[in-house]
Amino acid sequence: MTDAILEVEGLRKNFGEATAVRDVSFSLPPAGALAIVGESGSGKTTVARMIVGLERPTAGRVTACGRDRSQPARSARERRDRGGQVQIVFQDPYSSLDPRQSPAAAVEEVLRLHTRLDRGRRRARVAELADLVGLDERQMAALPSRLSGGQRQRVAIARALAAEPRILILDESVAALDVSIQAQVLNVLADVRERTGVAYLFISHDLAVVRQVTDDVVVMRHGAIVERGPTDRVLDAPEHPYTQLLRASVPRPGWQVPKTR
Amino acid sequence: MNDLLRISGLTVRLPLDGEMRTVLSDVSLSIAAGEAVGLVGESGSGKSMTARSIVRLLPPGALVEGTIRYRGNDVPSLRGQRLRDLRSSVSMVFQDPRAHINPVRTVGDFLTEALRVNQRVARREAEGRAVRVLDEVGVADGPRRLRQYPHELSGGLLQRVMIAAALLTEPHLLLADEPTTALDVTTQAEVMAILDELRRERGLAMLFITHDLELAAAVCDRTAVMYAGRVMEIRASALLHDHALHPYTAALAAARPSLERRAERLVTTPGRPLSAFEAPDGCPFSTRCPHVRQRCHDERPDLRPLDGGQVACVRAEELAVSHD
Ligand SMILES: Nc1ncnc2c1ncn2[C@@H]1O[C@H](COP(=O)(O)OP(=O)(O)OP(=O)(O)O)[C@@H](O)[C@H]1O
Ligand SMILES: Nc1ncnc2c1ncn2[C@@H]1O[C@H](COP(=O)(O)OP(=O)(O)O)[C@@H](O)[C@H]1O
Ligand code: SF4
Ligand SMILES: [Mg+2]
Ligand SMILES: [Mg+2]
């Protein structure tokens with residue numbers, strides 16, 4: 001428990017009268033992969049935004065890499081350090097990149113900001129990161145408008161990894177991708193975790209994808225966690241009725257449409 | 001033939017960046033009365049263009065070749081009242097309900113408009129019918145819903161309203177273009193249940209478009225798989241996952257992670273899905289196919305009967321043999 005790289009305790013978020021997140025606690029070990037699953041509006045993104053500091057918790061605590069992140073950073077340096085430790089990749093590969101910047105330039109910019117590498121080393125590191133996510137030199141030099149959705153999402157992942165985060169939050173980052181591209185990106189994510197030891201907080205509503213990518217899972221409903229455990233256990237033998245319903249609703253070979261009445 | 005719809009050799013070109021680009025190439029597909037046919041493929045493969053061709057809702061400037069016959073009538077030559085009749089007999093449901101409903105008008109106005117304007121049904125009568133159809137798609141408090149605005153309804157509820165709207169004209173064929181892609185899985189299951197029930201109770205035929213082979217299999221007797229504007233395979237839906245005839249279908253099935261067990265590594269296909277105008281000569285899948293041979297480049301494989309289905313791959317027999 002104590003050696004967790006990310007620890008979230010009693011997290012709560014109110015938006016006016018409404019409570020979007022209530023009493024959410026979990027921890028993520030170094031190089032681990034934890035899924036947050038749940039349906040639209042269950043509070044997954046709000047949890048992620050509080051972890052990266054885009055939203056201030058109403059109550060509770062976020063500790064990443066041993067440091068409390070629940071309060072605003074006190075200096076520019078602390079802000080930068082925090083940014084380097086935790087990176088986030090969002091769902092939409094079309095809006096997350098600057099349309100005027102090539103992937104190579106975008107990754108290089110992050111390296112300049114977050115590392116002390118000199119110019120030559122930065123160039124070498126850009127090539128390494130491109131290789132890690134499976135993009136070639138031509139794609140790294142192209143403008144985002146020339147890249148497919150899957151390629152852009154790989155650029156977003158490469159850019160996030162350039163900051164050498166210990167924790168990468170992926171918020172529905174593969175949901176919009178075509179099946180054949182999604183499979184490529186999922187394999188890349190597995191490779192990257194194995195090769196760099198980065199930990200994933202993987203937000204998704206897709207249980208099959210969650211099975212493929214994560215070790216543990218928490219299931220959220222109406223802002224609260226209703227079930228948690230190793231991914232295989234939760235998917236093989238879900239205990240909470242809501243998790244059972246989620247699992248039963250996923251189309252799979254031999255799946256029958258449920259009867260209405 | 002007693003086909004309700006019969007498409008043969010459909011080729012569609014659209015103006016794109018100042019050039020005419022092929023988006024559908026030689027598509028052939030038929031649907032019998034009361035039959036549900038799945039149309040599966042990745043983005044840009046031409047699923048939506050196929051559906052829009054059927055109801056003549058292609059973008060301006062489209063060039064259409066081939067034949068589309070609906071109940072024996074030649075669709076491209078329909079005009080005036082006959083075209084309106086086609087559009088009330090063939091209804092469409094789209095992926096994103098919010099993009100297809102006017103946000104400042106009530107659900108009731110939306111639902112009754114076509115009846116009141118096209119069929120001159122009185123408002124009260126139209127509203128009565130709307131409430132009955134809402135009930136049929138599982139929306140119980142119809143009279144209250146009619147007074148609500150789209151933003152007051154959840155995505156799942158709004159999609160049911162769209163399905164209700166599609167049913168109000170008493171169609172014989174429903175074109176459902178990814179009707180559940182924007183919905184949560186539990187809501188998706190509910191909407192699928194409604195579509196399946198309508199099909200059985202009303203004898204409604206359906207073209208069900210999705211990128212999910214399993215979802216198609218749950219409601220469709222047969223499924224057609226598209227790639228680069230062409231049909232690669234048509235087969236009994238239940239057989240597609242494990243007994244695909246076409247390498248592209250097999251690749252699609254393999255790429256999708258399983259809910260039951262984690263794969264050591266997903267089997268991937270290099271590259272990305274292509275649109276028709278980007279596809280190479282010969283087999284459109286040849287740039288990505290693990291089984292490609294020289295002859296795949298030499299001729300464009302036609303869709304031909306095999307093993308109870310149809311397939312467009314020159315090596316289908318030998319590959320099917322080596323599977324077993
Ligand atoms: N800035 C905000 N102001 C008010 N309410 C908000 C705000 N952000 C989120 N909410 C509400 O908080 C709840 C949780 O939203 P959140 O975006 O975290 O859900 P989610 O689980 O990520 O859903 P999805 O799967 O659709 O992405 C929802 O009811 C949402 O409408
Ligand atoms: N309005 C349009 N004008 C020109 N080309 C279009 C238009 N809409 C779609 N296309 C092109 O037609 C092809 C098929 O698209 P579509 O039928 O929408 O695919 P799918 O529904 O399978 O994702 C794609 O190459 C797409 O870019
Ligand atoms: S025709 Fe050749 S390239 Fe095309 S799917 Fe068959 S084996 Fe592959
Ligand atoms: Mg979200
Ligand atoms: Mg489409």
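Me: Which conventions apply to the numbering and to the values?
Reply: Residues are numbered from 1 along each chain as its sequence is written, while chains are lettered from A and ligands numbered from 1 in the order in which they are written. Because this is a predicted model, local features need pLDDT of at least 70 and side-chain atom pairs count only at pLDDT 80 or more, whereas totals for chains, interfaces and linings use all residues, and side-chain values use heavy atoms, with hydrogens and water left out.

Me: How many residues of chain A are in contact with chain B?
Reply: Contact is taken as heavy atoms within 4.5 Å. On the side of chain B, 44 residues take part, and the number for chain A is 38 residues.

Me: What area is buried between chain B and chain A?
Reply: The size of an interface is often given as the accessible area lost when the parts come together, and here buried area is the accessible area (1.4 Å probe) that two parts lose on being put together, summed over both. Carbon and sulfur atoms give 54% of the area buried between chain B and chain A, which is about 3500 Å².

Me: How many salt bridges does the rule find across the interface of chain B and chain A?
Reply: A salt bridge is a side-chain nitrogen of Lys or Arg within 4 Å of a carboxyl oxygen of Asp or Glu. The side chains of Glu260(B) and Arg247(A) meet in this way, at 3.1 Å from N to O. Across the interface of chain B and chain A, the rule finds 4 salt bridges.

Me: Which helix gives the most to the side of chain B that touches chain A?
Reply: Helices (H or I, at least four residues) and strands (E, at least two) are DSSP runs, numbered from the N terminus. Helix 4 (123-136), helix 7 (185-202), helix 8 (213-219) and helix 10 (247-255) of chain B are the elements that give two or more residues to the side touching chain A. With 12 residues, the one that gives the most is helix 7 of chain B.

Me: How much of the accessible area of ligand 1 does the protein cover?
Reply: Polar contacts (a pair of N or O atoms within 3.5 Å; within protein, one must be able to donate a hydrogen and the other to accept it, and residues adjacent in sequence count only if both atoms are side-chain atoms) reach oxygen atoms of ligand 1 from a polar side-chain atom of Ser40(A) at 2.6 Å and from a polar side-chain atom of Thr46(A) at 2.5 Å. Accessible areas come from the Shrake-Rupley method with a 1.4 Å probe, and for residues only the protein chains shown count as cover. Of the 640 Å² that ligand 1 has on its own, the protein covers 54%.

Me: What share of the area of ligand 2 does the protein bury?
Reply: An oxygen atom of ligand 2 is 2.8 Å from a polar backbone atom of Gly44(B), and a polar side-chain atom of Ser48(B) lies 2.7 Å from an oxygen atom of ligand 2. Taken alone, ligand 2 exposes 570 Å², and the buried share is 72%.

Me: How far apart in sequence are the parts that Glu35(B) and Arg222(B) tie together?
Reply: Glu35(B) forms a salt bridge with Arg222(B), with the closest N and O atoms 2.7 Å apart. Glu35(B) lies in the loop between strand 2 (19-32) and strand 3 (36-40) of chain B and Arg222(B) in strand 9 (residues 222-227) of chain B, so the pair ties together parts whose separation in sequence is 187 residues.
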